[in-house]
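Here is a short note to read beside the model.

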Amino acid sequence: KRIRKDVQEFKRTADELELLRIVSVASAYDARVFLPELIRNLELPDPSLSLEMFEKEYLLHTSTDKRFIAGLHPVRSRIVSQILTDAVLKPWHATAEKAIVLIPEDEWEIFVLQAFVDHPTDFDEILRIVQKVTPTTWTGLAGVLRALLWAGTRKYMGENGEAIDEARKHFDKGWYLFADLNFAEVQTPSKAVWWDSIKDLFSAEKVEAITRMNLLWTSKDSV
């Protein structure tokens, strides 16, 4: 709040506040930011002075070679990012969109995963942001794919809570054997063929329960 007041009183510039906001959003999830690229995207009267000021206040620190900038600690960065973002005027996802293109690709995965966890209401916005990035390395591509697979699976499981509860009620720890979790569609034989081959082993009540459960599962296309 003091920093915001400094901006209002012209003791700091709006772009200095934006620098702190972007780095804090990234560092809250253990990600660094490329410093030269960040500086180029902002209009700072004296970048060195701004960085020195934030370092003296224990808000940010730069790497020895000045290639990267990050928050002093993830927890502190999370607190600062919460203060500097606002659901209406400065939404978190808008800053995350600026930050992700400034984060090294080998840190995309952890950033995106934690973003999905901490900002479930921003799921669609995060998905849109991730789908816009263009990885230039196999590490970046693999990280994004793993993060998207995790997020899609989590959303799918959340949407199918009723079906999972039904399966657990009848099959306890073996519930997943009767759940539609073949996201890649590479499992053989197919679930339908497998079920037809063993359903005679179950009582009519169990068969009815499984049939009912199967009708509850939503499409796996989102995964």
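**Notes on the fold**

1. β1 and β3 pair in the antiparallel sense, over two bridges. Strands here are DSSP runs (E, at least two residues), helices likewise (H or I, at least four residues), both numbered from the N terminus. Two strands pair if DSSP finds at least two bridges between them. Phe34 has Phe68 as its bridge partner in β3.

2. On the basis of the note: this is a predicted model, where local features need pLDDT of at least 70, side-chain atom pairs count only at pLDDT 80 or more, and totals for chains, interfaces and linings use all residues. Residues are numbered from 1 along each chain as its sequence is written, and side-chain values use heavy atoms, with hydrogens and water left out.

3. Strand β2 (residues 60-62) also pairs with β3, antiparallel, over three bridges. Leu60 stands opposite Gly71 in β3. Five residues lie between the strands of the β2 and β3 hairpin, and Lys66 there takes a positive phi near 65°.

4. Which way do the residues of β3 point? Phe68 and Ala70 point one way, Ile69 and Gly71 the other, and all are buried. Buried means under 20% relative accessible area, exposed over 50%, partly exposed in between (1.4 Å probe, protein chains only). Phe68 has 10% relative accessibility, so Phe68 counts as buried.

5. The whole structure holds four aromatic pairs. Phe34 and Phe68 have ring centres 5.1 Å apart and planes at 35°, so the pair is tilted. This pair links distant parts of the chain: Phe34 is in β1 (residues 33-34), Phe68 in β3 (residues 68-71), 34 residues apart. Rings of Phe, Tyr and Trp (its six-membered ring) pair if their centres lie within 6.5 Å; planes under 30 degrees apart count as stacked, over 60 as edge-to-face and the rest as tilted.

6. Arg32 lies over the face of Phe68, 4.0 Å from the ring centre. The criterion is NZ of Lys or CZ of Arg within 6 Å of the ring centre and within 35 degrees of the ring normal.

7. The largest nonpolar core has 42 residues; Leu19, Leu38, Leu60, Ile69 and Phe111 touch the most other members. α2 gives the most to this core, with seven residues. Such a core is a set of buried Ala, Val, Leu, Ile, Met, Phe, Trp, Tyr and Cys residues joined through side-chain atoms within 4.5 Å.

8. Leaving aside neighbours within four places in sequence, Leu38 is in contact (heavy atoms within 4.5 Å) with Leu19, Ile22, Val23, Val33, Ile69 and Leu102.
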